[in-house]
Structure formats: structure tokens, C-alpha cells
Amino acid sequence: MTTDTERTHRFNELASAYSTDLYRYAMWICGNDALAKDLVQETFLRAWRALDNLKDVAAAKSWLITILRREYARTFERKVPKFTDLEKVVIVDNDELEPDELTERDLLREGILKLEPKYREPLLLQVVFGHSCSEISEQLGITKSAVMTQLFRAREKLRAQLQRDGVTGNVHELF
Amino acid sequence: MSMNFSEFKKLIGADPRNKDPETLRARHSAPEFEAAAAEAEAFEDKLQAALRIQPPPDLLSQIKDISRQPDRQRSWIPLAMAASFLILVGAAGLAWKQSHQWDSVESYVADHYSHDGTAVIERAKDGISDQDISKILARLDATADKALSGTIMFIKFCPTPDGRGAHMVVSTDQGPMTIIYMPNTQVNDGEMVKFDQMHALLVNLEHGSAAIIGNQSQNVESLAFVVKDSLKTGLVGA
């Protein structure tokens, strides 16, 4: 039988392991830091209440994402609010970027926000959480082939935006 | 059958970190494949860096607090519930903002109040903690003296013509009244806007402005005086 201490320990491990990525994911889907924080807290509140239902630790990440996505859908009814807080968000590892690289990063971020949710969400699951195409397929309830198409198109759109805005390079010319 | 270049580009375009044997074989089959894979990975590094944002420093500790309350009646559960409502209203508000463009502050105030003014007053009956009031105001670089904060029944973020602001309901001896704080908007100080059965007095503050809204039998001027005196704004730049 799980004691309260074990339960708490288990919960804290989940929080330590996944809260950052969940916040990033929430931030990029809802576009607002305060709302993203609330979404993540609500996710963990629900996770705490239902922790005993999580039998397989390996499934924890997907379980938490599912909770967060449901919470997001329930709250926002799939309407994405305007991204208002980007300028306030601290970006890690930006100290050593050259001006061109900073411009490119900013354009990429703008591009990500402009992506339709059907492209953005699989991309976030893949890049932020490291999900495989099969895992994304399972998470989103679409075929693996559709996932791959959306991922390919998402990157194509981002590259196209960089090209349109004058940031070009060999990496973009290949596609 | 081996992968052609077009198939390979599509595959790494969808999954640049793909390391399955077939993809690796294709990658090493010709220089153009190798170059395409390397450059897809380089793009992926940039994409990963662009997505890497830091959570608020207190997020993890607040999450861990969920399990620290022995009776599981966590102090922030009401906050979470309030936050859920704020998200709901905030999201609806943002969606509402996206579908509305205001040609003036006056039309914004009338439109905003018509949108959710009555519902927020209704919701204000549930109350809100001093901590939440301070927290929301702080995020807008503002703070309220007790003369005002002690009367705030409810507060939430809301869209304004120039970014995020706060929608407050305050308790007065004339009944609940509404304040919309617009941190980045200037108004014609002292202008009265009338709409439906309501009127709103627009006042400039040290930074930004506020609309004091009440029904036409309520004296908004007296509340405006309190707001001007008690709502300290633009603290970051102070």
C-alpha cells in the first residue's frame, strides 16, 4: 500500500521531471505566461488527485500532457488567445547569440505562433517533449502518416517565413 | 528498396532526429543526403532553442505545495479555482478582443462593460483574497492602498486597447462599481461616457488610466477620487 510519504515523493518527482516542459508546452499553445502557469498548476492539481490511477511511470509524461490538453480544451474551447507575453518571457541560452541569430530566433518564434494549431501542436509534442511520431499519433488521435505530414508542413512553413523575412541560408534552401 | 532523395527530405523534414537504420543508411548513402540531414539538424537546434522558455521560478514550489497540505484543502485550491475562472473569462475576453477593434477608448469601455460587466459583478460575490489582488496588480506594475484594496471584491486581467489591464469590482456604499485599469492607455481626463443605463468616468493616472463605471444613479466621481489617490501605477519605472 502506498503511504502518503511515498505518494508525495512520487508526485514531487513528476513535478520536477515535467513541470518545465509542460509549462513550455502550455505557453506555446495558449500564448500567455500567466495562463500557462495556471494551466500547469491545474494539471498537477488534477494529477495529484488522480495519482493512484497512474500505474505505469513510463506513461506519466503522456498522462500529464493529456490532462493539460483536456484542461486547455475545456477552458479555452480550442480558442487560442492572443499571444501577449512573449516579451516578458526569459529565453534560456540567448546570451551568446549574434544579432543575426537573435533575429532568426525571433522570427522563428513569431512563425511558431502563427502556425495553425494542427501544425503547432504536433511540433511542440515532438520538439518540447521529444515524442516520436507514433506517440504524437496516439496523443492527438490521428494517424502517424498525418502526424508526419503536419510536422513536415510545420517546418516548411517556418522555413518559408524565415525566407520571406530575409533570413536565408543553406538550411532553408534545401527545402 | 532504398529511399530516394525526395522521400528522405520529407522524412527528415518531419523527423530530423530520426535514427532508425533505414534513415541512417540513406543518410550515409550520398553527400547530398548527408548535407540535407546535417542542415535539418541545424534547423532543429534553432527551433529547439526558440521554444526553450523558462517557467516562472516559483512554479515548481507552488506545484509541490499541492502535496504538502495534509488535509488536502490546499490554500491555493481556491486560487486555482479562481484562476480557472480567470482563464475562462480571460480567454473569452481575449477571443472577444480578437474579434473587436475599438476606434476609441470610449467605445472600448462601453463594449467591454457590455461584454462582461454584469457577469463580473455577479462573480464578485464570491470574493477574492488580498494576495490575489496584490498579485494581479503587481503583474501590471501597480499596487493599491488599503483605501482601495480593502474595497476590491474581485479583480481579473482583461484586454484593453493597448495590452493587458485589470477589471475590478469594488464595494461602495452605493453598491458595487467597476474599475477598468488600462496601464498603457491615456484618456481625456474627466470625460464621462454614457452607454445603456451606465456611465463611466475616464481618469488619467500617473501611468495609464482608469474607467470608473457605475449605473447612472451612482456617483462615480467619488470613487474616481479614491482610485487616483490609492492606485499606484508604473512602479517598475518609478
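A helix here is a DSSP run of at least four residues marked H or I, numbered from the N terminus. Keep that in mind as you tour this predicted model.

**Stop 1: helix H7 of chain B**

Select residues 130-139 of chain B, which form helix H7. Just after H7(B), find B:Asp141, where phi is positive, at about 55°.

Now colour the buried residues of H7(B): B:Asp132, B:Ile133, B:Ile136 and B:Leu137. Look down the helix axis: these buried residues fall within an arc of 125°, so they line one face of H7(B). Turn to the other side of the helix. There B:Asp130, B:Gln131 and B:Ala138 are exposed.

**Stop 2: strands E2 and E3 of chain B**

Move on to residues 152-160 of chain B, strand E2. Of its 9 residues, 8 are buried, so E2(B) is largely enclosed by the rest of the structure. Trace the hairpin that joins them; it runs through 2 residues. Then pick B:Pro159 and look across to E3(B): B:Arg164 stands opposite.

**Stop 3: the largest nonpolar core**

Which residues have the most contacts inside the largest nonpolar core? Select A:Ala26, B:Tyr181, B:Ala210 and B:Ile212. The core has 103 residues. Its largest share, 11 residues, comes from helix H1 of chain A, residues 4-30.

Finish by zooming in on B:Tyr181. Leaving aside neighbours within four places in sequence, its contacts include B:Leu140, B:Ala142 and B:Leu231. B:Gly165, B:Ala166 and B:Met168 are also among them, as are B:Gly208 and B:Ala210.

Technical notes. Residues are numbered from 1 along each chain as its sequence is written. Chains are lettered from A and ligands numbered from 1 in the order in which they are written. This is a predicted model: local features need pLDDT of at least 70, side-chain atom pairs count only at pLDDT 80 or more; totals for chains, interfaces and linings use all residues. A residue is buried if 20 or more other C-beta atoms lie within 10 Å of its own, exposed if 12 or fewer, and partly exposed in between; C-beta atoms are placed from the backbone. Two strands pair if DSSP finds at least two bridges between them. The arc is that of the directions from the helix axis to the C-beta atoms. A nonpolar core is a set of buried Ala, Val, Leu, Ile, Met, Phe, Trp, Tyr and Cys residues joined through C-beta atoms within 7 Å. Two residues are in contact if their C-beta atoms, placed from the backbone, lie within 7 Å.
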